[in-house]
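User: Hello! I am new to this structure and would like to learn how to read its features. Could you guide me?

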Amino acid sequence: EYHIGVDDTVQINVWRNPELSVTVPVRPDGKISMPLIGDVRAAGRAPEVVAKAIQTKLKSFVRDPNVTLMVTGLMSNEYLTRLRITGAVANPSSLNYRQGMTVLDAILASGSINDFAAPNSTKLYRKIQGKVRVINIYLGDILFKGELETNIELRPGDIITVPGRLF
């Protein structure tokens, strides 16, 4: 479950009350400001919980308020969800994670491998339940033979390392 963080942007819609519907950033103190009700704590809470808190506060001003909240700018998680591609690639990179990205997508976004790469020794580092798991990626087979068995879908925070070959 996603929890809102500092620097995120949230869009709050109050049904039938467009003057109360706002898009606001989460301040460094973890709060957002809304017309009529003032500050509401948002950081560290799920969007549904914040929407419910806003709805409760609005009951003093609006009959049967119906509040929806959408996180429209995920700035607090930006570095936690990035993909990193290191080693013998043209442009070692830190990329924004996009759902559905594969190892090949990330490697191509980094300019592919360089002349010194040992592509079939590529490793994917993935944190699962607090432990780092190492997955062998046969990048040479993906690139040069079209064998896609290890062209796996990436997850936020994955690190791909393409080692250099020994001469």
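Analyst: Gladly. This is a predicted model, in which local features need pLDDT of at least 70 and side-chain atom pairs count only at pLDDT 80 or more, while totals for chains, interfaces and linings use all residues. Residues are numbered from 1 along each chain as its sequence is written, and side-chain values use heavy atoms, with hydrogens and water left out.

User: Which residue forms a salt bridge with aspartate 141?

Analyst: A salt bridge is a side-chain nitrogen of Lys or Arg within 4 Å of a carboxyl oxygen of Asp or Glu. Here the side chain of aspartate 141 meets that of lysine 145, at 3.7 Å from N to O. Both lie in helix H3, four residues apart, about one turn of the helix. Helices (H or I, at least four residues) and strands (E, at least two) are DSSP runs, numbered from the N terminus.

User: Is aspartate 141 buried or exposed?

Analyst: Buried means under 20% relative accessible area, exposed over 50%, and partly exposed in between (1.4 Å probe, protein chains only). Aspartate 141 has 15%, so it is buried, whereas lysine 145 is exposed, with 57%.

User: How many salt bridges does the structure hold?

Analyst: There are four. One of them joins aspartate 158 to arginine 126, with the closest N and O atoms 2.7 Å apart. Aspartate 158 sits in the loop between helix H3 (139-145) and strand E10 (159-162), and arginine 126 in strand E8, so this pair ties together parts that are 32 residues apart in sequence. Both residues are buried.

User: Which residues touch the most other members of the largest nonpolar core?

Analyst: A nonpolar core is a set of buried Ala, Val, Leu, Ile, Met, Phe, Trp, Tyr and Cys residues joined through side-chain atoms within 4.5 Å. The largest has 21 residues, and those touching the most other members are Val10, Ile12, Ile32, Val50, Ile54, Leu58 and Leu69. Helix H1 gives the largest share of this core, four residues.
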